[in-house]
Amino acid sequence: MATREIVKYPSDVLEQKAQRVERIDAETQALIDDMIETMRAAPGVGLAAPQVNVPLRVVVIEYGEAESEEEEDTVEKQLFTLINPEISRMSREKEMGTEGCLSFPGILAEVERSLGVTVVAQDRNGDPLKIKAEGWLARIFQHEIDHLNGVLFTERANKVYEIKPDEETEDSHAA
């Protein structure tokens, strides 16, 4: 495994629709391993292949819902590896939330997202997956799948603002 350089905005690859993965081979497995290591090193909660300059429909997400700020370092996180993910269902209920993005360092945005989604995809072995997610996990899925469609979180934002490098908010996670 190796970390890869995260593509920063503006870059054409971030605004292009990613291509379907037709064959899951050793190169795909290496990409997935590198994306996991890159996401953890950043650190972030999600990463789409275009963010490492690979225009394929691959996403990695690692997230655990903490009940309190004290639990954030000890909460068990779940790793999702998704190939060719699509959102098959979105709840009508929406919520505003603060998002960051590894391709937009120093930028946060207020984005309205559905509270729940159902995602269909393949796992890293090519087996079909169906995942129902709510809350922040649903938000992360929407953010990462938007990357695969060439849609940036700033395009969906009601408000975009800069933060200083050492300034973080409690309610945002970079994806």
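Select arginine 40 to begin: at 44% relative accessibility it counts as partly exposed, a class that lies between buried (under 20% relative accessible area) and exposed (over 50%), computed with a 1.4 Å probe on protein chains only. The model is predicted, so local features need pLDDT of at least 70 and side-chain atom pairs count only at pLDDT 80 or more, while totals for chains, interfaces and linings use all residues. Residues are numbered from 1 along each chain as its sequence is written, and side-chain values use heavy atoms, with hydrogens and water left out.

Glutamate 62 is buried, with a relative accessible area of 15%.

Next, select aspartate 34 and arginine 4, another salt bridge, whose closest N and O atoms are 3.0 Å apart. Because aspartate 34 lies in helix α1 (residues 26–41) and arginine 4 in the segment before α1, the pair ties together parts that are 30 residues apart in sequence; such helices are DSSP runs of H or I with at least four residues, strands are runs of E with at least two, and both are numbered from the N terminus. Aspartate 34 is buried at 11%, whereas arginine 4 is partly exposed at 28%.

Finally, move to arginine 113 and glutamate 99, which form a salt bridge with closest N and O atoms 2.9 Å apart. Arginine 113 is buried, with a relative accessible area of 3%, and glutamate 99 is buried as well, at 2%.

Notes
Salt bridge = Lys/Arg side-chain N within 4 Å of Asp/Glu carboxyl O.
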